[in-house]
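Keep the sequence and the model side by side.

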Amino acid sequence: MDFVFVIALTFCVCVASSAFNLEKKNGWWRNMLFVCALAAGQGLLYWLGSLLGGAFMYKFASYAKIIVVIICFMITFRMMMDTLKIKSGKNLFLIDKPKHLIILAIALGVNALIAGLIAGDGFMPLFGSVTPLYIIGISLIWGLIGIGTKMSQAKLLINSLLNVVAALAILATGFVKIF
């Protein structure tokens with residue numbers, strides 16, 4: 001179930017990288033560099049979230065199961081709100097400057113940061129200290145899928161549907177952790 005959680009958590013990289021191949025000036029290598037930056041942002045923000053969570057989450061150890069569900073619900077809610085933007089095409093990002101890429105990487109990594117808060121042993125440790133590496137690897141795969149498929153209205157609908165499925169998978173993982 002942890003692997004499903006990581007796959008669902010990193011799906012946003014696929015959605016964000018969908019628009020990278022819209023501009024003809026962007027070559028494959030430049031798009032791949034963008035995807036690597038987004039994947040690194042996911043892993044880095046998860047790691048920062050785990051450091052932050054390690055600093056104070058031990059105080060909530062007696063409520064660990066409830067906290068895991070609340071955090072999973074928060075991530076699910078954010079993903080559901082993004083689904084509406086995906087379907088309408090408002091979630092397409094064109095990168096002009098490195099500053100835009102950094103902002104996009106941070107914005108996409110917020111869910112990973114939130115998930116990192118519950119990375120402690122009493123909560124949802126996933127794969128332990130190698131979890132950021134898994135997140136980076138799966139984000140790279142999602143990014144390759146995003147830049148490898150042509151943009152169309154059908155792709156936006158499929159991305160929207162998959163985002164809902166990913167959100168529900170995260171919520172289901174939180175409920176599984178209760179039992």
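Buried means under 20% relative accessible area, exposed means over 50%, and partly exposed lies in between (1.4 Å probe, protein chains only). By that scale, both phenylalanine 11 and tryptophan 142 are buried.

First, the ground rules. This is a predicted model, in which local features need pLDDT of at least 70, side-chain atom pairs count only at pLDDT 80 or more, and totals for chains, interfaces and linings use all residues. Residues are numbered from 1 along each chain as its sequence is written, and side-chain values use heavy atoms, with hydrogens and water left out.

Confidence comes next. pLDDT is the predictor's confidence in each residue, from 0 to 100. The protein has a mean pLDDT of 89, with 94% of its residues at 70 or more. Helices here are DSSP runs (H or I, at least four residues), numbered from the N terminus. Helix 6 (residues 110–116) has the highest confidence, at 96, and helix 4 (residues 64–88) the lowest, at a mean of 89.

Now look at the rings. Rings of Phe, Tyr and Trp (its six-membered ring) pair if their centres lie within 6.5 Å; planes under 30 degrees apart count as stacked, over 60 as edge-to-face and the rest as tilted. There are five aromatic pairs in the structure. One of them joins phenylalanine 3 and phenylalanine 127 edge-to-face, at 6.4 Å centre to centre with 75° between the planes. Phenylalanine 3 sits in helix 1 (residues 2–9) and phenylalanine 127 in the loop between helix 6 and helix 7 (131–148), 124 residues apart. Phenylalanine 3 is partly exposed at 43% relative accessible area, and phenylalanine 127 is partly exposed at 27%. Another pair, phenylalanine 11 with tryptophan 142, is also edge-to-face: 4.8 Å centre to centre, 90° between the planes. Phenylalanine 11 lies in the loop between helix 1 and helix 2 (12–17) and tryptophan 142 in helix 7, so this pair ties together parts 131 residues apart in sequence. Phe3, Phe127 and Tyr134 form one aromatic cluster.

Turn to helix packing. The axes of helix 1 and helix 8 (residues 153–178) come within 8 Å and cross at roughly 150°. Axes are lines fitted to C-alpha atoms, for helices over the stretch in contact, and angles run from 0 to 180 degrees between N-to-C directions. Contact means heavy atoms within 4.5 Å. Asp2, Val4, Phe5, Ala8 and Leu9 in helix 1 meet Ala166, Ala169, Ile170, Thr173 and Lys177 in helix 8.

Finally, the backbone. Leucine 126 has a positive phi, near 55°. Leucine 126 belongs to the loop between helix 6 and helix 7 and counts as buried, at 11% relative accessibility.

Definitions and conventions
Helices (H or I, at least four residues) and strands (E, at least two) are DSSP runs, numbered from the N terminus.
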